[in-house]
Amino acid sequence: MPKPGLTTGHAPFVEEARSRGDLYITQPYDLYSQENHEAWRRLFARMQPRWEQFANDRFLHGVEALALPADRVPRLDDVNRRLEPLTGFQAKPVSGYVPGFLFFDCLRRREFPTTITIRDKDHMDYLPEPDIFHDVAGHVPMHTDRAFADVLVRFGDCAHTAAQLTAEIRDQRERERRLTSIMRAMSRFFWFTVEFGLMRGGPLGVCAYGSGLLSSYGELQHAIESDAVQRYPLQMEWAINQGAEIDHYQPILFIVDSFEHLFELVGRFEQWMRAGKLDNVAPGLPEIQEGDLRSFMEAEHLVMA
Ligand SMILES: [Fe+2]
């Protein structure tokens, strides 16, 4: 009998976990089908030369340090065995979308919620949701770098601060309004850095460290070379007020000098939050989902202890 497979949108193992309400799961490696391994092989083979051209060198070191296999879906246990001694980070398998606060709280504990399914091998560019190629080939190599790993932990701290600050607001509607604004600022800032960030340096003068770029064959080159993309030094006041559009190539990208620079900016983000500067950011994308909002509201008991 053919294996059921772990294909995005067609993975009975994952659907069952979701229907039981299990968010944190295992990676049932034997369930990957030949097609699943073939999808990874194709994705990896076409990405590799583009990484060499456009990725920042810490990412390239990361791919090497993790010894990501070229010909089959990686085992997360193997990845973690190499990753953990470097920065304490681990890839943690999940059954699907992790609500906002829980996601950032995982980062704070140096756990990265990781999708285990992989896109259909005949739909290489169509990504309805993240898959293991985006998460493990796009994100996880960056987690081998200490300075970058510290940036993620600082984002986790920011989520705690957001939950704490807004837990003190007695008027529920005002609390939700402010939390929504802060969450919008935070997801934009994360989007324009961790997902789509550019960095000064490399042979072309600018290179990519954002995982959305590093896992996209078409967009990686477009982000660095296309004249249609506006690229500017990262100004936080701009990034937190700029709508983050998800269904096409990014028309605006922001450049940091280094991960130390980015770490400083996340610290400033937290100061702005405390000062109330994030309570009224520009409306627009992303829409803040009810489940994400609730995850921050319910974190009250975790952060007030
Ligand atoms: Fe991502």
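# A tour by helix pair, sheet and loop

Select helix α2 (residues 34–54) and helix α10 (residues 217–225): α2 passes α10 in a left-handed crossing. A crossing is called left-handed if the near helix is turned anticlockwise from the far one by less than a right angle, and right-handed if clockwise. The model you are viewing is predicted, so local features need pLDDT of at least 70 and side-chain atom pairs count only at pLDDT 80 or more, while totals for chains, interfaces and linings use all residues. Residues are numbered from 1 along each chain as its sequence is written, and side-chain values use heavy atoms, with hydrogens and water left out. The helix and strand labels on this tour come from DSSP runs (helices H or I with at least four residues, strands E with at least two), numbered from the N terminus.

**Stay with α2 and α10**

These two helices, α2 and α10, pack at an angle of about 20°, and their axes are 10 Å apart. Axes here are lines fitted to C-alpha atoms, for helices over the stretch in contact, with angles running from 0 to 180 degrees between N-to-C directions. α2 and α10 are therefore roughly parallel to each other; that label covers angles under 35 degrees, while over 145 is roughly antiparallel, 65 to 115 roughly perpendicular and the rest oblique.

Now show the side chains. On α2, pick Arg 46, Met 47, Arg 50, Trp 51 and Phe 54; on α10, pick Tyr 217, Gly 218, Leu 220, Gln 221, Ile 224 and Glu 225. These residues make the contact, where contact means heavy atoms within 4.5 Å. They divide into six nonpolar, two polar and three charged. In this scheme Ala, Val, Leu, Ile, Met, Phe, Trp, Tyr, Cys and Pro count as nonpolar, Asp, Glu, Lys and Arg as charged, and the others, Gly among them, as polar.

α2 passes α6 in a right-handed crossing, at an angle of about 35° and with the axes 12 Å apart. Highlight Trp 40, Leu 43, Phe 44, Met 47 and Trp 51 of α2, together with Ile 132, Phe 133, Val 136 and Ala 137 of α6, to see the contact. Which kinds of residue make up the contact of α2 with α6? Nine are nonpolar, with no polar and no charged residues.

**Move to α5 and α13**

Select helix α5 (residues 100–108) and α13 (290–297). Their axes are 6 Å apart and meet at an angle of about 60°, which makes α5 oblique to α13. Look for Gly 100, Phe 101, Leu 102 and Phe 104 of α5 beside Asp 292, Ser 295 and Phe 296 of α13. This contact has four nonpolar, two polar and one charged residue.

**Look at the sheet**

Switch to the strands. An open sheet of four strands runs in the order β4-β3-β6-β5, with mixed pairing; two strands pair if DSSP finds at least two bridges between them. β4 (206–208) and β5 (230–233) stand at the edges with a single partner strand each, so one side of each has no neighbour in the sheet. From one strand to the next, the twist averages 35°. Zoom in on β5 and strand β6 (residues 252–256), which run parallel and are joined by four bridges. Tyr 232 stands opposite Phe 254 in β6.

**Find a salt bridge**

How many salt bridges does the structure hold? There are 22, each a side-chain nitrogen of Lys or Arg within 4 Å of a carboxyl oxygen of Asp or Glu. Select Asp 145 and Arg 58, whose side chains meet in one (2.9 Å, N to O).

**Finish in the loops**

Most residues other than glycine have a negative phi, and most peptide bonds are trans. Ala 67, in the loop between α3 and α4 (76–87), has a positive phi near 50°. Then select Leu 285 and Pro 286, joined by a cis peptide bond with omega about -5°. Pro 286 sits in the loop between α12 (259–275) and α13.
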